[in-house]
Amino acid sequence: MAQDVAIVGIGETPPARRSPHDVRELTLQAVLQALADAGIDPSEVDGFATEGMIVPATVPHDYMAAQLGISRHFDAGMSFAGPGIVGAPQLAAMAIRSGLARVVVSYFGVDWGSRPGGPYGFHDPYPAKMAFEKPQGFNGQPSYFALWARRYMHEYGLDPDHLGLLAVQQRENARLTGRAQMTRALTLDDYRAAPMVSDPLRFPDCCVISDGACAFVMTAADRARDCRKPPVYVRGVGFSSAPVSSEDAFTQPRDLLTMQGVREARAAAERAAGLSLADADFAQLYDCFTVSCLLQIEDLGFCAKGEAGAMIAEGHTRLDGRLPLNTHGGLLSYSYRLAAEHVIEAVRQLRGEAGAVQIPDAQMGFVTGLALPDFSLLVLSR
Amino acid sequence: MTADDRTGAAHPPEFRGFFENLRLGSLSFPHCPDCGSFHWYPMKRCPHCRGGRWSYRTVAGPGTLYSWTSVHRAFSPDFTDAVPYVVALVEFPDAPGVRLVANIPYEEVDTLRVGMAVEPCIDRDAATPTFRFRPARDRAVGESPSSRRAEHDRGHGG
């Protein structure tokens, strides 16, 4: 995509384990912040493009529109969870390009920090999980990825310290931001001593849980010129999936450790952007767990299968490495809003607003969203 | 509809045959006569060929440990007292394409190795029939004194 659609405003509630505000209040705050950041009045908004499963159940489009006095001429939801959040700019860009909308808002909020059961209730309505997984106590995301990690150890070998180093690096980034949820220092020794959640994954291998919301505003480049901040262009989105249900995706795929379609999503995003991710100045990858982040590095093609651990250990994903990863600390340490905060951080980087974790002269970066079997990759640039 | 005693949730009809065969002492999985494939978890139609004639086919029982994890933190109140416990993924030589989630007694955790032979232990007489796996007593997969074939395959009745 040419530089014709831009993110012109961002908003996020402060990263928090628990907030006294409910998800609608949090999301509203984020949207208002994003609009103020853009210098755009709500009355100018004519479209919503958001994630397609959690948002309708928590902060439906009609509610947000009514709260802000918005009449939508474009309305779209995409995929679910992370891929929906990260992929929604694709829908917004299509709408803006085709003239269906001029100013499109995307938002996402979650209250899993306060809600009993947190994110684990997310999978309860799935019949196959209820029948064939819950009775066995296989009903938490850490266990899903723990099975993967154990299998990865068998197929490729895995030094657990490599997972630990990823957690340590991202904690350092989080601490540097000065506003992340996790502020306590984490050393490799701390990681090794941390209790197991679902072996071989320890607490620091797992993302935090949060109450909070993020929002961003997109518009056409000519409108962007009159906004308050430098535009960050939506250059391309790649989306992929696999013919497997989200119930089956963690256990049944033949080649469990290669996420189908991820490489194709990268290719599609690069084609749309006319850019190569090899030139990316940073990557905000969906790090629900250390191991899922590691697998994405490989499946995206940044290294061979089995090699991501070494890549991390050699420092390539540090802020001063060749592929700075999760500059804000990611889902592991910054907050857990399913990569909505990754989009916000990417925009900050490209505006030069990232403060202590700023990648010097960041020109282009990308964000990923993962919720098996779906995957989205968003390329943004100055 | 088959009720699940533990959760109180009703299962879809295509799940029924699995539990009926479990009551008879066997593990079974959806098998399609049109394309010859198994699939799991049970779907309305065969996901490989969209055929509508699949039925539950019993397996001999013994399998291979594809992966496992030992859970140390409960994710729901039902399991607070159960931790630590082991969740395993088991494959079957006579049901390729199926990976079954199963428990293995925690006391076996230090013996577990990916690829090892495991065998089922079915409690068909419990109020809700249950199954667990354990490391196979003998090395050869395919021999299991505790496996039992059902008298006949069950349709999914869906």
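Tutor: A salt bridge is a side-chain nitrogen of Lys or Arg within 4 Å of a carboxyl oxygen of Asp or Glu. By that rule, the count between chain B and chain A is 0 salt bridges. This is a predicted model, in which local features need pLDDT of at least 70 and side-chain atom pairs count only at pLDDT 80 or more, while totals for chains, interfaces and linings use all residues. Residues are numbered from 1 along each chain as its sequence is written, chains are lettered from A and ligands numbered from 1 in the order in which they are written, and side-chain values use heavy atoms, without hydrogens and water.

The contact (heavy atoms within 4.5 Å) between the two chains draws on 34 residues of chain B and 34 residues of chain A. Together, chain B and chain A bury about 3100 Å², counted as the accessible area (1.4 Å probe) lost on being put together, summed over both. Of this buried area, 62% is on carbon and sulfur atoms. Although the interface of chain B and chain A has 0 salt bridges, 15 residue pairs across it, both members at pLDDT 80 or more, are in polar contact; that is, N or O atoms within 3.5 Å, one able to donate a hydrogen and the other to accept it, with sequence neighbours counted only if both atoms are side-chain atoms.

On the side of chain B that touches chain A, the elements giving two or more residues are α1 (16-23), β5 (63-71), β6 (85-91) and β7 (99-104) of chain B. Helices (H or I, at least four residues) and strands (E, at least two) are DSSP runs, numbered from the N terminus. The most is given by β5(B), with 6 residues. By class, this side of chain B has 21 nonpolar, 9 polar and 4 charged residues, where Ala, Val, Leu, Ile, Met, Phe, Trp, Tyr, Cys and Pro are nonpolar, Asp, Glu, Lys and Arg charged, and the others, Gly among them, polar.

The contact joins A:Leu163, A:Leu166, A:Ala167 and A:Gln170 of α7(A) to A:Thr290, A:Val291, A:Cys293 and A:Leu294 of α11(A). Its residues are 6 nonpolar, 2 polar and no charged.

From α6(A) come A:Phe145, A:Trp148, A:Ala149 and A:Tyr152, and from α11(A) come A:Val291, A:Ser292, A:Leu294, A:Leu295 and A:Glu298. This contact of α6(A) with α11(A) holds 7 nonpolar, 1 polar and 1 charged.

The structure holds 30 salt bridges over all chains. One of them links A:Glu155 and A:Arg151, with the closest N and O atoms 2.8 Å apart. Both residues lie in helix α6 of chain A, 4 residues apart, about one turn of the helix.

The backbone of chain A has cis peptide bonds at two prolines. The bond joining A:Asp199 and A:Pro200 is cis with omega about 15°, and A:Pro200 sits in the loop between β5 (196-198) and β6 (201-202) of chain A. The bond from A:Leu372 to A:Pro373 is cis with omega near 5°; A:Pro373 belongs to the loop between β10 (364-371) and β11 (374-381) of chain A. In helix α4 (residues 81-98) of chain A, A:Ala81 has a positive phi of about 55°, although it is not a glycine.

Finally, A:Arg202 lies in strand β6 of chain A. Beyond its neighbours within four places in sequence, A:Arg202 contacts A:Tyr191, A:Arg192, A:Ala193, A:Ala194, A:Pro195, A:Met196 and A:Val197. A polar atom of the A:Arg202 side chain lies 3.2 Å from the backbone oxygen of A:Arg192. A:Arg202 and A:Ala146 are 56 residues apart in sequence and 9.4 Å apart in space, C-alpha to C-alpha.

Definitions and conventions:
Buried area = accessible area lost by both parts, 1.4 Å probe.
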